[in-house]
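Biologist: I would like to learn how to read features of this kind from coordinates. Please start with the general idea each time, then turn to the case.

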Protein chains: 2
Amino acid sequence: MADFQFLDVRKPDGRPMTLYGLHDIHVDGPIPSPSPTPVDARSQLRWHPVRGEWVAYAAHRQDRTFLPPADFNPLAPTTDPEHPTELPQGRYDMAVFANRFPSLTLSAPDPDPVPGVAARAGVGACEVVVFTQDASASLTDLGDERMALLLRVWADRTERLRLDPRIRHVLPFENRGVEVGVTLHHPHGQIYAYDHVPPVQARAVETLRTHLTQHGRPWLTDFVAEERAAQLRLLRDDGLALSLVPPFARYSYETWVLPTRPAAHLSDLTDDELDALARVLRDALRRLDALFARRMPYLMTVQQAPVNDGEHPEWPLRIEIYPALRAPNKLKYLAGTELGAGVFANDSLPEAKAAELRGVTLEDV
Amino acid sequence: MADFQFLDVRKPDGRPMTLYGLHDIHVDGPIPSPSPTPVDARSQLRWHPVRGEWVAYAAHRQDRTFLPPADFNPLAPTTDPEHPTELPQGRYDMAVFANRFPSLTLSAPDPDPVPGVAARAGVGACEVVVFTQDASASLTDLGDERMALLLRVWADRTERLRLDPRIRHVLPFENRGVEVGVTLHHPHGQIYAYDHVPPVQARAVETLRTHLTQHGRPWLTDFVAEERAAQLRLLRDDGLALSLVPPFARYSYETWVLPTRPAAHLSDLTDDELDALARVLRDALRRLDALFARRMPYLMTVQQAPVNDGEHPEWPLRIEIYPALRAPNKLKYLAGTELGAGVFANDSLPEAKAAELRGVTLEDV
């Protein structure tokens, strides 16, 4: 794709926003915010001494938007100046702004000491990424070029957030569907930035570095070669990027989309690689939607390496998609074994689910 | 409580069952099973090389019971011999039997090799624990004495399951409510036994042993002393057992119920300690039900130490309750930060939630 454009602006309550576009960006009217009052975000982190992990607290979030009246969409461009939204009128494709009710924020103050627990400021960032001005669209409706733009937006946000030396990890994600608790159906995702390496990524660095040391090459190199040889779980192989149901899938229809060489961050990919990744990602999401002839509810996370802590030659950059449905009308619930022990129980074998996803008919678009 | 009774029987399909009671046990009629055919449980475990954990696969489970017709309850005592359930008619309080559709089983065969992934037999056990013959009751309706019986049943199952030297961990749990995916509303729980130490417990052993080494005393000793001193999060302190919202709660209204001295397994507790734990547990569950004047959906897990691997002086035996509601009509969903990074975001501070739970009015029963 051609280079993208961006425009940095500031909301009346002080929050920064960036508009992104494939073409020249033009804003009509003022930059809005649903409220002119800055949110007093007193995020804190507390240490869980048994699980050995930080827990984020944001008591100020209790009043956040939850199934608002159908006539107000805070992610649509403002049409009524009496009821400003988060987005201005104008020509742009995507918008990113700081969440008005963040779980983590770079300006979090030190909390008052709490007897009996180690507490500290909830330093980090929570951004909202609006994928389109069209409230009724889905990510896959936007076409390959805008999917490629989204990858560049995620890469750009990662690069901007890591400029703060306190940030150690950046996680872009999308929750989609009421089944996974989404309250605003306008197509959007979020980005969380943490001031520590989260448990999932810390564990991955550990296992992947062990593989690199023991085998002399990154895990991804073996993985891609084995999946191409096995031909049991591949959905699409575009040369520079591929999609598959991993052979150790924890969810039915779990799908990974990844470049075929190790990379730590989206910004490490070439333009050709980003474009290939976008095509394969859109193909994967369209397969999930076609599977049960309905928009598949899912969680999608972009798994990048930690930042500001050196090189990550071990890291396999990948987009992991966890579909919420395990059959047309059956949700996967996380229960005793998953949440109480960390052992996922999957009712189906990855090879069978990959065959189903390979077999769906995608209409030309 | 007085000693309990039990009776070991076998179902027509070969599955073992144990009936437990506070009084003499008497069975009327044959021991039933919904089907006379043994289930061919080809469970397997596959290694997730990035997360560094085993994933359980049970493809034979796809057809398991899901929202069956209202007139068939497989957990009620059999009344129509044409439609046998899991339970016989008779005098007993609780029943435990092997799950007909297990995720893990002691008889799992070695799977055929799968290219591209390390797979092995899904060795373990999945048991169903029926809390009462009364389909419409809730655990808290049963009174303190039967709650105390349940603790003994959990202890007895743990002791029996650990007799197999392959078993390394035993996890009793209850999922309650449609909101957490429960398909059978007859009061019941489950027990999973694993042939490896699950990730959650492996991490806990690591953090707790570090504390023991660094401080010269188990973490629980400090924790109980600090909570008693702070008086910010205690719900009830019965001397031998107490309940609280932990200061590092990951869920709103998360509640822990624990003996006040370190213990590895339920079987390590004295009769007095078990009775105290039962009273405090029932009190905690009643508070959660009273909070929003409705049965609180939740996940409850009994966190015991691993088995068959030596002593666990570091271990704080505890029952962890994760309520699914964070407000009267608001579910907590696990989303990007929880499932993609392992960082829980909680909208409320534990001290505030503990005050709410302390403040509910419990009717005398």
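Modeller: A salt bridge is a side-chain nitrogen of Lys or Arg within 4 Å of a carboxyl oxygen of Asp or Glu. Keep in mind that this is a predicted model.

Biologist: How far apart are the N and O atoms in the salt bridge of Arg146(B) and Asp93(B)?

Modeller: In general, side chains of opposite charge can pair when their charged atoms come close. Here the N to O distance between Arg146(B) and Asp93(B) is 3.4 Å. The two residues come from distant parts of the chain, 53 residues apart: Arg146(B) belongs to helix 1 (residues 143-161) of chain B, and Asp93(B) to the loop between strand 6 (89-91) and strand 7 (94-98) of chain B.

Biologist: Is Asp93(B) buried or exposed?

Modeller: Buried means under 20% relative accessible area. Asp93(B) has 14%, so Asp93(B) is buried. Arg146(B) is at 23% and therefore counts as partly exposed.

Biologist: Which residue does Arg15(B) meet in a salt bridge?

Modeller: Arg15(B) pairs with Asp13(B), at 2.9 Å from N to O. Arg15(B) has a relative accessible area of 9% and is buried. Asp13(B), at 8%, is buried too.

Biologist: How many salt bridges are there over all chains?

Modeller: A search of the whole structure gives 68. One of the pairs in chain A is Asp238(A) with Arg279(A), whose closest N and O atoms are 3.1 Å apart. This pair also links distant parts of its chain, 41 residues apart, with Asp238(A) in the loop between strand 12 (234-237) and strand 13 (241-244) of chain A and Arg279(A) in helix 4 (residues 271-291) of chain A. Asp238(A) is partly exposed at 24% relative accessibility, and Arg279(A) is partly exposed at 31%.

Biologist: Which residues are linked with Asp238(A) and Arg279(A) in a network of salt bridges?

Modeller: The network also takes in Arg236(A), Asp283(A) and Arg287(A).

Biologist: Now helix packing. At what angle do helix 4 and helix 6 of chain B pack?

Modeller: Two packed helices are described by the angle between their axes and the distance between the axes. For helix 4 (residues 271-291) and helix 6 (residues 350-359) of chain B, the angle is about 95° and the axes are 9 Å apart. Helix 4 of chain B is therefore roughly perpendicular to helix 6 of chain B. At the meeting point, Arg287(B), Leu288(B) and Leu291(B) of helix 4 face Glu356(B), Leu357(B) and Arg358(B) of helix 6 in chain B.

Biologist: Where does UniProt place the feature "active site"?

Modeller: The record, an unreviewed entry, places the feature at His188(A). His188(A) lies in strand 11 (residues 188-194) of chain A and is buried, with a relative accessible area of 13%. Its side chain reaches the backbone oxygen of His186(A) at 2.7 Å. Beyond neighbours within four places in sequence, the contacts of His188(A) include Leu75(A), Phe131(A) and Glu174(A).

Biologist: Which backbone oxygen does the side chain of Thr255(A) reach?

Modeller: That of Tyr253(A), at 2.9 Å. Thr255(A) is in strand 14 (residues 255-259) of chain A, and at a relative accessible area of 0% Thr255(A) is buried. Leaving aside neighbours within four places in sequence, Thr255(A) is in contact with residues including Leu235(A), Ala284(A), Ile319(A) and Leu357(A).

Methods. Residues are numbered from 1 along each chain as its sequence is written. Chains are lettered from A and ligands numbered from 1 in the order in which they are written. This is a predicted model: local features need pLDDT of at least 70, side-chain atom pairs count only at pLDDT 80 or more; totals for chains, interfaces and linings use all residues. Side-chain values use heavy atoms; hydrogens and water are left out. UniProt positions are given in the numbering used here, feature names are shortened, and annotations may be inferred rather than shown by experiment. Helices (H or I, at least four residues) and strands (E, at least two) are DSSP runs, numbered from the N terminus. Buried means under 20% relative accessible area, exposed over 50%, partly exposed in between (1.4 Å probe, protein chains only). Contact means heavy atoms within 4.5 Å. A polar contact is a pair of N or O atoms within 3.5 Å; within protein, one must be able to donate a hydrogen and the other to accept it, and residues adjacent in sequence count only if both atoms are side-chain atoms. Axes are lines fitted to C-alpha atoms, for helices over the stretch in contact, and angles run from 0 to 180 degrees between N-to-C directions. Angles under 35 degrees count as roughly parallel, over 145 as roughly antiparallel, 65 to 115 as roughly perpendicular and the rest as oblique.
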